[in-house]
Amino acid sequence: MQPQPHSGGALPCSRSREPHKGSVCAVIISYNPDNGLSDRIAAVRTQVQEVLIIDNNSRNDCLGLLRRIASVPGTHVMRNEENVGVASALNQGARWAIARAYSWVVALDQDTVVAPDMVESLCAVYRSYPDRGKLAVIGSNYTNSVNGKPLHHFDGPDGSLAKEVKFVITSGSLVSLEKFHEIGGFRGEFFIDCVDLEYCLRARARGFRVVVSSKPLMEHSIGRPTEHRLPWKKTGTSNHSAFRRYFMARNRLVLVREQVLRAPMWVLATFFSFVKCTILMVLFEKDRMRKVKYTAMGMSDGLFGHFGRKVS
């Protein structure tokens, strides 16, 4: 079931609705983080008013790291007793930020390395956008941390700082909490994959805008990508685990089923991309038989809208 817009009047925010350091809180979702998390948080801590880490029941050997992080002024850690997934954790972070009267959150994965001017650059995109009242999500272009290539190669038209896109990834996204309140939050049943895609599709369906910065503002990678050569070109694959392959297949098939009449061309492109990625996984990745099994399970559950299966 898709989240419903919240009722009950306006968002209870008292800070400025224009994004700036004082109105932005960083929300980072952690799960068994490495020791480099402290440095990555320090890089964003100076750019926002506060940082909240939502920890999805990391191993006990990570608790010392999380306690050290929580001891830094302006940094908070909220621990879940189970792994509730990325979507539900983001909703927790957004509700926490709303309760503290923030107007915006910048969402980050635990392994994302941000540029020193990331938040200010995202705020500049907002200020420069002609229809800023419609902006729901401002995403960050990024440099692939494996091959050093930017995701988007473009110069904004007429020197603009961003372009409108169908969706952006969650990490590095500046999310309007006013629009979050109207859209209804992230789809908790999706758990981890396609959470950003589904939210952006729903935002756009309500008439809001999703844009991405022209300038790369962080280092990031999708999975653990490796490059390979086919006879006619170079290609790559993400090396996601079988666990992730299940959610990638299930959630993408759910969206294909839900969007087929609204956006048939997007559905065709999405399904082609899914098939292509699955073939590359079979050709080049390790543990491929288990990944094929989990992909098939995900496709079956996605086609029939089943969300109750426990996978590990």
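**Two helices side by side**

Hi everyone, let's start with a pair of helices: α7 passes α9 in a right-handed crossing, where right-handed means that the near helix is turned clockwise from the far one by less than a right angle. Before going on, please note that this is a predicted model, in which local features need pLDDT of at least 70 and side-chain atom pairs count only at pLDDT 80 or more, while totals for chains, interfaces and linings use all residues. Numbering runs from 1 along each chain as its sequence is written, and side-chain values use heavy atoms, leaving out hydrogens and water.

So where are these helices? α7 covers residues 242-259 and α9 covers residues 288-304; helices here are DSSP runs of H or I with at least four residues, strands are E runs of at least two, and both are numbered from the N terminus. Their axes, lines fitted to C-alpha atoms over the stretch in contact, lie 7 Å apart at an angle of about 30 degrees. The two are therefore roughly parallel, the word for angles under 35 degrees.

Which residues touch, with heavy atoms within 4.5 Å? On the α7 side they include Phe-243, Tyr-246 and Leu-253, and on the α9 side Tyr-294, Met-297 and Phe-304 are among them.

Now for the whole chain. Its secondary structure comes to nine helices and 11 strands. The C-alpha atoms fill a box of roughly 55 × 50 × 40 Å along the principal axes. How much is buried, meaning under 20% relative accessible area with a 1.4 Å probe, protein chains only? Buried residues make up 50% of the 312.

Definitions and conventions
Axes fitted to C-alpha atoms, helices over the stretch in contact; angles between N-to-C directions. Parallel < 35°, antiparallel > 145°, perpendicular 65-115°, else oblique. Contact = heavy atoms within 4.5 Å.
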